[in-house]
Amino acid sequence: MTTTSQTTASVADIDVDARIRDLAQQLPLEQQVQLLTGADVWSTHAIEEIGLGRIVLSDGPAGVRGEDFDERHDSISLPSGSALAATWSPELARRYGMVLGQEARRKGVHVVLGPTINLHRSPLGGRHFECMSEDPRLTATLAAAYVDGVQSMGVGATPKHFVANDAETDRFTADSVVAERPLRELYLAAFEDAVTEAKAWLVMSAYNSINGTTASENPLLETPLSTEWGFDGVVVSDWTGVRSVEAANAHQDLEMPGPVGHWGAALLAAVEGGRVSRAAILEKVIRILRLAARVGVLDGFEPAVAELPVELDGAAVAREVAVRSAVLLRNENKLLPLQAAALKRVAVIGHNAAEARIQGGGSATVMPKYTVSPLDGLRSALPASVAVDYARGAKVAEGLQEFRRSDLANPVSGVPGMNVAFFDAAGAQISAEDRWSSHLIWFGAGIPEGTASIRTTADWTARTAGVHHVGIGTVGRASLSIDGVEVFNDELVDDTDVLGAALFSPPQTIHPITATAGQVFRIEAEYTMPQSLAIPLTAILLGEEVVVDDAEAEIAAAVEAARAADVAVVVVGTSSAIESEGFDRTDLDLPGHQDALVAAVAAANPRTIVVVNSGSPVVMPWRNSVDAILVGWFGGQEFGAALADILLGVQEPGGRLPTSWPSVLADVPVLNTTPVDGKLVYAEGINIGYRAWLKQSATGGAAPAYPFGHGLGYTTFSLGTAHLPVSVRSGSDVVVHVPVANTGSRAGRQVVQVYLARAESAVERPVRWLAGYATAHLAEGGATTLEARIPARSFAHYDGGWQVEPGRFQVLVGTSAEDVQSAGEVAIA
């Protein structure tokens, strides 16, 4: 990677740094302090006198939302972080980042708040989908490529959440208690390459504490981040993550959101009283001005990237990532790929088949222009001669789901969607707008000043006859009327302590109505604005809840569809009520009756393919009863199109698991995400993920259902004898050459994984640990020699500093953490 590091060097040369320091020193203390807290929810202060524009930050990490949650300002929705990691491809991660940088520029955004690179310590982690892997090496290499891609577009990337922010339970107050060695070798290691190699322009500090000190005040922001790693960028807080003026004595630079926080006047007083040094304030200002120069909002300074790379097709990249991330776990009787010409009838089954989950819940949410569901993708890809039958089979989504946009009509303007009008305290209309979505979110912008109430009006068409359950979700005083009859007028109270729950899953009131097919109902709602909001969050959700009166009948209908078909494709998965920012999972089960659905369908038709639409592991009690299992993750807006490509053999599933998948919850060796007395103790030390599984199985314990690194394809490969040096000096990288041949009947992709092991050692070590990897795409009969580089750090352990134990390390080469063979030994002198 050269583009970002070269451009960073051009910005950070001695002359530029001196000019930035001089500019910072020109500012009076009051302006210096003001600059350290956001101007609003999404941007920093502009200072016209020095030519400083505002820096706009936006949530990522799998899309760039911009400064609002307005669906009219659509965003590319890329597959989730766990999907990206399943590609095992830094090259694709870089293009993923470039698409985000490109999107940011389109939306006037200067900083993308991503990648999320906390580790998959426990599969119960609620934000698992947004993070990448259980392994620090895989995470670090992909994170660095992502950062490099974003910054090649002249947009700042923000690796987050620094550090040990691996669970959501009590996330604002939890203290992650981590010994020095695992902290360095696992949790900090995941961040290191993004800073030292890709030269990230920002890092986000976390909500949690680490070993007793909250992240925004933690000495880790100085060492290793700023000293050992040479970080010269901005440490931005997670939103509301600064807790006191004490954070200003750490290397915390920017408090978000603004304009009101814990700094401001209190920080000014602390500086004037000598509790925070002026030098510390000056250093923070310099870092913010340096960022402004890099992103091109500081007059007189050349931006870090003056000439942009060639524009990428964002939708095409989204589809490619979805294809290359899909992991084929099982393919009995070579059911896949399907031969379209041999098919007459296909049964597509599952709630997520028609309403796929393309992203997890929380701040990562973006609003794409369109989505392709698995049902849509297969119907589009299959010949017209093939009948496609759909059955829901089992409900997945809980609570209100926004109305389908195609079912809404705006009675005021006559266009699809709904009318949203803003009124002042006297009842006079301030303004109105046409909205496409019935899930309205305002976070920091969009509501006119002086608004006392918001009224929404839409004509909704019921697609089917029967009882429909419609309602409103919000926090505060609201009313709901259906065809002029008021069915609710009261307060809806948020009884959670989850920041953002009011946006994505607000408290709801739901009311049954009886409809004929095609009947139109006038849906009107009014929301009363509260007198004051500590954080400007407002959301109104209008929609329908799926209510299933007879679950067995739903499954029976799916079974009949499967029995009549040549093949059954069952799409199972989770929802935003299960995988989201703000809370952890309580189990790894598929919600509702999906397990019973798969078992019944497989019994009716042995040619059953199960597609798992989740961002993290689920248990699959039926896994040995179906012919094929494909993990599609949260696959982004092109999920359905990519899935059709894979199932029909246009593309090969290219993914490998970035995380171990268990058979049952009780087998998982590291599980806890709930603090006890405020502390989440990482008692497992250096053994998480596959390391913990290998340690457990070595003593007779359970192994995972599918190990880290596992993934099948549509062809076969052979690995030849690896070549590596016999010995190297301490501090040197080791290059392993592995011959690879495609021995199958079609083109395909192989991921060769290189692990280290040391059975006899003076220090505790994992059974084995990932040290490098390389990939090849080969035509039928093709062969190549892959080069996998093992960085010198992979041989080191941390004990007050990085230490290398002299002696021999075993080098293992294979295709998963469990499928390895010895490639020889290398001696470290």
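Colleague: Where does R455 lie?

Modeller: R455 is in strand β17, which covers residues 453-461. Keep in mind that this is a predicted model.

Colleague: Is R455 buried, exposed or partly exposed, and why?

Modeller: R455 counts as partly exposed because its relative accessibility is 31%. That value falls between the 20% limit for buried and the 50% limit for exposed.

Colleague: Which side chain does the R455 side chain make a polar contact with?

Modeller: That of E526, at 3.3 Å.

Colleague: And what else does R455 touch, beyond four places in sequence?

Modeller: N419, V420, A421 and F423, plus A525 and E526.

Colleague: How far is R455 from L597?

Modeller: In sequence, 142 residues. In space, 41 Å from C-alpha to C-alpha.

Colleague: Switching to T509. Which strand is it in?

Modeller: T509 sits in strand β21, residues 508-515.

Colleague: Buried or exposed, and why?

Modeller: T509 counts as buried, because its relative accessibility is 11%. The cut-off for buried is under 20%.

Colleague: What polar contact does the T509 side chain make?

Modeller: One with the side chain of H511, at 2.8 Å.

Colleague: Which residues is T509 in contact with, neighbours within four places left aside?

Modeller: V470, G471 and I472, together with F488 and L492.

Colleague: Now the whole chain. How many helices and strands?

Modeller: The chain has 18 helices and 37 strands.

Colleague: What radius of gyration does the chain have, and what would a compact globule have?

Modeller: The chain has 27 Å. A compact globule of 829 residues would be near 28 Å, so the chain agrees with that.

Colleague: What box do the C-alpha atoms fill?

Modeller: Roughly 80 × 70 × 55 Å along the principal axes.

Colleague: What share of the residues is buried?

Modeller: Buried residues are 61% of the 829 in the chain.

Colleague: And how much of the contact set comes from residues 24 or more positions apart?

Modeller: They account for 77% of the chain's contacts with a separation of 6 or more.

Colleague: What about the accessible surface?

Modeller: About 29400 Å² for the chain. Carbon and sulfur atoms hold 50% of that.

How values were computed. Residues numbered from 1 in each chain as written. Heavy atoms only, no water. Helix = DSSP H or I, 4+ residues; strand = E, 2+ residues; numbered from the N terminus. Rg over C-alpha atoms; globule rule 2.2 N^0.38 Å. Buried < 20%, exposed > 50% of the residue type's maximum accessible area, 1.4 Å probe, protein only. Contact = heavy atoms within 4.5 Å. Areas by Shrake-Rupley, 256 points an atom, 1.4 Å probe, with all protein chains shown as cover. Polar contact = N/O pair within 3.5 Å; in protein donor to acceptor, adjacent residues only side chain to side chain.
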